[in-house]
Amino acid sequence: MKIAIVVPIIGNFGRKGFYHSQEIGLGKEIAKNGHEVIVYKCVPLSFNTGLTEEDFEGINVKYIPTRSIGPHGLFKTSVIKKDTDVVFAFSDTQLIIPRLYRYCKKNNIKFIPYVGIAHSFQRNIKSKIMDQVFKLTTLKVYKKVKVVTKTDHAKQELMSMGVQQCVVAPVGLDFSSLKADFEEYDRVKLREKWGFSEKDEIISFVARLQPEKRPLELIDLFKDIQSQNKKLLIVGDGLLKKDILEKISLNKLEEKVILISQVKYEDMWQIHYIADFFINLRSDEIFGMAIMEAIYYKSSVLAISAPGPNTILKSMKAHKICESLVEVTDMIDSRRANENNLLSDKLKLSTDFKWSNCAKVIFDIEKSKSQFFY
């Protein structure tokens, strides 16, 4: 069977070398089952024109430079081979979905959208227009096919809009790309490498420095923490970087906060391993790959309630879903994660959030006799 994984989203999503790539993790799992996998990944027109495709671990990745509207890639659907059996698309509210659906219908290809969110993040006039466009176009497609959602929250959102066929398949981790022997490394020496000491209690924050990630509120939160041994490690870059540095200076936190703009993905395990806490403050987090990586490397996660964290952290003992920034602060001041709980949560992660679960859903849909195009 020939399966295409389509990523129309333009931006940092799955950016090679810096982020855990969802499409690659899923593709590798599907390829293990003996299927041919081609990933069609949209990239900006300014993307390296010398790199058109790559092969690794049983999958072929084709980079499609395309024009876009914001994060919406508007590629020519004809690039997808007509003898493809299944198109699995990271869809959400992407504008290309109706055209991609029509192409699949015309060529008798099963179309499976993968949805984490069905509305615009921002609450302004532009986002309201985009939400209306979604309801008039992409939503009509979702009502005609079986939709796979990343969370139960996304499933309920779509069903409330009239989508009848939804199944949940959470995002997985590509465990083969993680550092399996991380605990064999000297944690104290790694802390010193990144500018910390053995006695420090490290709070890590890994995210783009943009408003929805709430990095400025992170500084407010951190300055209210009582313990003198607490240190903050921020990994990220973005439009708020200058404001963050000014806020750190204003609050005289230069000795307690380290900001690193970029860390290669191959070194990210060190950031999670040296940290005692991992913080996620986004209130509309769709999933959160870094949250899962922090759990794997046994850093205690404190996350504001959102669809992704709620899905991942449900029933975990060493990690906490918080309803407010005050609760996050209180947890940092008082919480000590139990080593046994950290280990059991890591084992739960490896069972509940592996790509084989999502691959099975795709195979089941492909085998089903249900009519797709009506």
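Tyr 296 is buried in this predicted model, with a relative accessible area of 9%. The residue belongs to helix α10, which spans residues 289–296. The charged end of Lys 346 is placed over the ring of Tyr 296, at 4.4 Å from the ring centre.

The search of the whole structure returned 13 aromatic pairs. One of them joins Phe 182 and Tyr 296, whose ring centres are 6.0 Å apart. The planes of these two rings meet at 45 degrees, and the pair is therefore classed as tilted, since an angle under 30 degrees would count as stacked and one over 60 as edge-to-face. Phe 182 is located in the loop between β10 (166–168) and α6 (187–193), whereas Tyr 296 is in α10, so the pair ties together parts that lie 114 residues apart in sequence. Phe 182 has a relative accessibility of 1% and therefore counts as buried, the limit for this class being under 20%.

Phe 182 also pairs with Tyr 297. Here the ring centres are 4.9 Å apart and the angle between the planes is 85 degrees, an edge-to-face arrangement. Tyr 297 is found in the loop between α10 and β15 (300–304), while Phe 182 is in the loop between β10 and α6; the pair therefore ties together parts separated by 115 residues in sequence. Both partners are buried, Tyr 297 at a relative accessibility of 4%. At the level of the cluster, Phe 182, Tyr 296 and Tyr 297 are grouped with Phe 175, Tyr 185, Trp 269 and Tyr 273 in one aromatic cluster. A charged group is also placed over the ring of Tyr 273: the charged end of Arg 187 sits over this ring, 5.9 Å from its centre.

When residues up to four places away in sequence are not counted, Tyr 297 touches Leu 178, Lys 179, Phe 182, Trp 269, His 272 and Tyr 273. A polar atom of the Tyr 297 side chain lies 2.8 Å from the backbone nitrogen of Lys 179.

The side chains of Glu 201 and Arg 336 make a polar contact at 3.5 Å. Apart from neighbours within four places in sequence, the residues in contact with Glu 201 are Ser 227, Asn 229, Lys 230, Lys 231, Asp 276 and Arg 336.

The lining of the largest cavity consists of His 72, Thr 93, Leu 95, Ser 120, Met 130, Asp 131, Val 133 and Phe 134. Helix α3 (residues 125–136) gives the most to this lining, with four residues.

Terms used:
Residues are numbered from 1 along each chain as its sequence is written. This is a predicted model: local features need pLDDT of at least 70, side-chain atom pairs count only at pLDDT 80 or more; totals for chains, interfaces and linings use all residues. Side-chain values use heavy atoms; hydrogens and water are left out. Rings of Phe, Tyr and Trp (its six-membered ring) pair if their centres lie within 6.5 Å; planes under 30 degrees apart count as stacked, over 60 as edge-to-face and the rest as tilted. Helices (H or I, at least four residues) and strands (E, at least two) are DSSP runs, numbered from the N terminus. Buried means under 20% relative accessible area, exposed over 50%, partly exposed in between (1.4 Å probe, protein chains only). A charge sits over a ring if NZ of Lys or CZ of Arg is within 6 Å of the ring centre and within 35 degrees of the ring normal. Contact means heavy atoms within 4.5 Å. A polar contact is a pair of N or O atoms within 3.5 Å; within protein, one must be able to donate a hydrogen and the other to accept it, and residues adjacent in sequence count only if both atoms are side-chain atoms. On a 1 Å grid over the protein atoms alone, a cavity is a set of points where a 1.4 Å probe fits but cannot get out, and a pocket is an open set with protein on both sides within 12 Å along at least five of seven lines; lining residues have an atom within 4 Å of a point.
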